[in-house]
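Colleague: I've just opened this model and I'd like to learn how to read it. Please walk me through it, one feature at a time.

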Amino acid sequence: PRFTRTPGAHAAAAAAAAARGAARPEEIRTFPAFDAAWRAFEKRLQSDAFTACGGIGLADVPWPTKLPTVCGIEAADSPKERKQKFRAAVLRWHPDKWAHVLARVKAEEKQQVVEQVQAVTRRILEERKKFS
């Protein structure tokens with residue numbers, strides 16, 4: 001088949017994520033907003049909130065890909081602050097650290113989530129070269 005998704009499925013998934021209190025991707029425009037959305041995501045992970053809806057979906061994860069930097073680095077940051085932000089980003093997005101999350105991702109969206117995590121990790125490495 002040419003199309004693998006049903007029409008409107010993305011809108012339905014975004015609406016379901018919004019109903020669960022997840023920040024919609026278009027709302028995350030600053031690193032502090034992303035960080036708040038990430039903390040809310042982690043809280044939902046710990047409370048098993050995703051079990052009732054069949055697992056974690058791609059739209060449930062707050063992705064930092066629309067941000068200028070995925071690490072939260074700013075031009076005014078000192079080298080020490082940059083190093084701390086890189087370390088925090090690597091710890092958060094390293095694919096090995098995602099095993100517990102991937103175990104709870106919906107089977108039909110698992111490959112997309114893995115690819116997105118890898119894309120974020122690549123951006124972290126690119127930013128490290130750029131800002132080091």
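Modeller: Let's start with Asp48, which is partly exposed, with a relative accessible area of 47%. The scale goes like this: buried is under 20% relative accessible area, exposed is over 50%, and partly exposed is in between, using a 1.4 Å probe and protein chains only. Keep in mind that this is a predicted model, in which local features need pLDDT of at least 70, side-chain atom pairs count only at pLDDT 80 or more, and totals for chains, interfaces and linings use all residues. Residues are numbered from 1 along each chain as its sequence is written, and side-chain values use heavy atoms, leaving out hydrogens and water.

Colleague: What is the phi of Asp48 near?

Modeller: Here's the background first: most residues other than glycine have a negative phi. Asp48 has a positive one, near 60°, and it isn't a glycine. You'll find Asp48 in the loop between α2 and α3 (79-93).

Colleague: Speaking of those labels, how many helices and strands does the chain have?

Modeller: Five helices and zero strands. From the N terminus on, the order of elements is α-α-α-α-α. The labels are DSSP runs numbered from the N terminus: a helix is H or I with at least four residues, a strand is E with at least two. Take Glu42 as an example: it sits in helix α2 (residues 31-46) and is partly exposed at 35% relative accessible area.

Colleague: Now charges. Which residue forms a salt bridge with Asp48?

Modeller: The general idea is that side chains of opposite charge can pair when their charged atoms come close. We count a salt bridge when a side-chain nitrogen of Lys or Arg is within 4 Å of a carboxyl oxygen of Asp or Glu. The partner of Asp48 is Arg104, with the closest N and O atoms 3.3 Å apart. That pair links distant parts of the chain, since Arg104 is in the loop between α4 and α5, Asp48 is in the loop between α2 and α3, and they are 56 residues apart. Arg104 counts as partly exposed because its relative accessibility is 23%.

Colleague: How many salt bridges does the structure hold?

Modeller: Five. One of them joins Asp35 and Arg39, closest N and O atoms 2.9 Å apart. Both residues lie in helix α2, four residues apart, which is about one turn of the helix. Another pairs Asp77 with Lys85 at 2.8 Å between the closest N and O atoms.

Colleague: Is Asp77 buried or exposed?

Modeller: Buried, because its relative accessible area is 11%.

Colleague: What share of the residues of the chain counts as buried?

Modeller: 31% of the 132 residues. Gly57 is also buried, at 4% relative accessibility, and it lies in the loop between α2 and α3. Gly57 and Gln112 are 55 residues apart in sequence, yet 9.4 Å apart in space, C-alpha to C-alpha.
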